[in-house]
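Please examine the sequence and the structure shown below. A short report accompanies them.

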Amino acid sequence: MPDPKKQRAGRKGGQTVSKNRAHMAAIGRKGGQQSRVKRAAKKQEAAAQEPMPQKEVAEQATGLPASENGDQTARVGKDHAVELLKADHARVHSLYEDYETAGGQDKQNIAEKIMRELEVHAAIEEEIFYPAFREKTQKEGRDLVAEALEEHKAVKAAIRELREMDPDDEAFEGRFHDMMQDVEHHVGEEEGEMLPMAEEALGERLEELGADMQKRKQELIENFTTGAAH
């Protein structure tokens, strides 16, 4: 007959072994988790030290995904009429945001810079881009150009008014805001309708037009700098 004391001792010993195995397994799991955490931390550290892909650099610089900013990495350093016009639009919008938060003489200086940007932008469109676009399109394109020219006239009239006003006058700021609303409406229509149509109609010629527009733009800027603006 089996000895009851030995049976109890055997069961107790088995329980002890089981507990020891469970404890070791828990330690193993904890050690594995710590190892995974360490490996993940090392991967993150290594990734942070790697140079940022060019695509992400472009996205940070423009604030847009590469698919929405016209693949900036492929266009850097190249003349392209549509991209040049979009860059002008973005620059004026950025200056307007600065105007909203500026004060005193800084606000006046930004307002004047915006007006000069608009004058130069309108000139290169009217002298070079619009004629080329109108030549290659049908009635719809020509109607867009006619509408854009009317909107340019309104903005130019607003600029003339603003230059005759006292920048410290409250009426100046109200008139300036009205003009900028017209500008943003114009930009929305141009980027939403005319520029996509121009890319299809003008194709490879956009590079040549962009070079001509950039050259003319530089001439106009130099004229402003020397006081011979027109």
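## Basis of the report

This is a predicted model, in which local features need pLDDT of at least 70 and side-chain atom pairs count only at pLDDT 80 or more, while totals for chains, interfaces and linings use all residues. Residues are numbered from 1 along each chain as its sequence is written, and side-chain values use heavy atoms, with hydrogens and water left out.

## Overall architecture

The protein chain contains eight helices and zero strands. Helices (H or I, at least four residues) and strands (E, at least two) are DSSP runs, numbered from the N terminus. Along the sequence, the pattern reads α-α-α-α-α-α-α-α.

Of the 230 residues in the protein chain, 29% count as buried. Buried means under 20% relative accessible area, exposed means over 50%, and partly exposed lies in between (1.4 Å probe, protein chains only). The accessible surface of the protein chain is about 15100 Å², and carbon and sulfur atoms hold 50% of that surface. Accessible areas come from the Shrake-Rupley method with a 1.4 Å probe; for residues, only the protein chains shown count as cover. Among contacts with a separation of 6 or more in the protein chain, 69% are between residues 24 or more positions apart. Contact here means heavy atoms within 4.5 Å.

## Salt bridges between helices

The structure holds 14 salt bridges. A salt bridge is a side-chain nitrogen of Lys or Arg within 4 Å of a carboxyl oxygen of Asp or Glu. One of them joins lysine 217 to aspartate 88, with the closest N and O atoms 2.5 Å apart. Lysine 217 belongs to helix 8 and aspartate 88 to helix 4 (residues 81–101), so this pair ties together parts that are 129 residues apart in sequence. Lysine 217 counts as buried at 8% relative accessibility, and aspartate 88 is buried as well, with a relative accessible area of 3%.

Another salt bridge, between the side chains of lysine 107 and glutamate 173, spans 3.8 Å from N to O. Lysine 107 is in helix 5 and glutamate 173 in helix 7 (residues 170–202), so the pair ties together parts that are 66 residues apart in sequence. Lysine 107 counts as buried at 14% relative accessibility, whereas glutamate 173 counts as partly exposed at 31%. Glutamate 126 and lysine 156 also form a salt bridge, in which the closest N and O atoms are 3.0 Å apart. This pair links distant parts of the chain, with glutamate 126 in helix 5 and lysine 156 in helix 6 (residues 139–164), 30 residues apart. Glutamate 126 counts as partly exposed at 26% relative accessibility, and lysine 156 is partly exposed with a relative accessible area of 32%. Through shared partners, salt bridges also join Asp88, Arg91, Lys113, Glu117 and Lys217 into one network.

## Residues of helix 5

Glutamate 117 lies in helix 5 and counts as buried at 15% relative accessibility. With neighbours within four places in sequence left aside, glutamate 117 is in contact with Arg91, Val92 and Leu95. Glutamate 117 and isoleucine 221 are 104 residues apart in sequence, and their C-alpha atoms are 8.8 Å apart in space. Glutamate 119 is also placed in helix 5, and it is partly exposed, with a relative accessible area of 24%. Leaving aside neighbours within four places in sequence, glutamate 119 is in contact with Ile159, Arg163 and Phe224. The C-alpha atoms of glutamate 119 and lysine 156 are separated by 7.4 Å, although these residues are 37 apart along the chain.

Alanine 122 lies in helix 5 (residues 104–135) and is buried, with a relative accessible area of 7%. Apart from neighbours within four places in sequence, alanine 122 is in contact with His152 and Lys156. Between alanine 122 and alanine 148, which are 26 residues apart along the chain, the C-alpha separation is 9.7 Å.

## A negative surface patch

Asp79, Glu204, Glu207, Glu208 and Asp212 gather on the surface in a patch of negative charge. Such patches are made of residues with over 30% relative accessible area and no salt bridge; like charges are joined within 9 Å, and nonpolar side chains (Val, Leu, Ile, Met, Phe, Trp, Tyr) within 5 Å. Lys and Arg count as positive and Asp and Glu as negative, while His and the chain ends are not counted. The place of a charge is taken as NZ of Lys, CZ of Arg, CG of Asp or CD of Glu.
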